[in-house]
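This report examines a protein chain and two of its residues. Please view the sequence and the structure below before reading on.

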Amino acid sequence: MGVKSITILLVGLATLSLAPRARAQTDDIAVVVSSGNAATNISLGDLRKMFAGAKRSWPGGQAIKLITRSPGSPERIVLLKLLAMSEIEYKQYWTAQVFRGGADAEPLIVPSVGMQKEALSIFPGGVSLVNLRDVKPGMKVIKVDGLPPGAAGYPLH
């Protein structure tokens with residue numbers, strides 16, 4: 001290999017290493033619902049209202065059951081970002097909601113994806129956030145603002 005060939009090769013490698021890398025779609029957090037839920041899309045605003053307890057039912061009247069992951073999980077971090085709250089603020093917010101009668105209970109907190117799947121099968125109005133790579137059969141992924149997880153512009157990651 002000549003000096004010219006090596007130079008071209010090195011320039012090509014340098015260019016590739018400096019090029020912005022596409023975010024892996026496995027970094028996206030999917031909105032999942034019970035398999036029988038008719039929803040196929042939700043606006044980011046309605047999702048925010050749901051997880052803040054301001055929107056309590058699905059179109060058609062079925063009660064929403066919030067299923068969240070434990071503090072520190074990627075899904076919980078995205079939830080807190082969605083609500084623009086810290087973990088402490090989130091806990092205080094829900095404690096106040098229950099105390100004032102604005103909610104019957106805090107969202108259900110589960111430690112694993114398997115328990116999320118189980119909770120979604122138990123609660124027909126269930127909604128949760130799951131890392132896209134962890135979505136299991138029986139979890140129905142819905143779009144956010146018309147975008148599926150992995151699409152350019154998808155807002156939850």
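Ala84 lies in the loop between helix H3 (74–83) and helix H4 (87–100); helices (H or I, at least four residues) and strands (E, at least two) are DSSP runs, numbered from the N terminus. The model is predicted, so that local features need pLDDT of at least 70 and side-chain atom pairs count only at pLDDT 80 or more, while totals for chains, interfaces and linings use all residues. Residues are numbered from 1 along each chain as its sequence is written, and side-chain values use heavy atoms, leaving out hydrogens and water.

Most residues other than glycine have a negative phi. Ala84, although not a glycine, has a positive phi of about 55°. Asp145, found in the segment after strand E6 (139–144), is likewise not a glycine and has a positive phi of about 50°. The table gives their accessibility, where buried means under 20% relative accessible area, exposed over 50%, and partly exposed in between (1.4 Å probe, protein chains only).

| Residue | Relative accessible area | Class |
|---|---|---|
| Ala84 | 66% | exposed |
| Asp145 | 45% | partly exposed |

The protein chain as a whole has 5 helices and 6 strands. From the N terminus on, their order is α-β-β-α-β-α-α-β-α-β-β. Of the 157 residues in the chain, 35% are buried. Among contacts (heavy atoms within 4.5 Å) between residues at least 6 apart in sequence, 70% join residues at least 24 apart. The chain exposes about 8900 Å², of which carbon and sulfur atoms supply 62%; accessible areas come from the Shrake-Rupley method with a 1.4 Å probe, and for residues only the protein chains shown count as cover.
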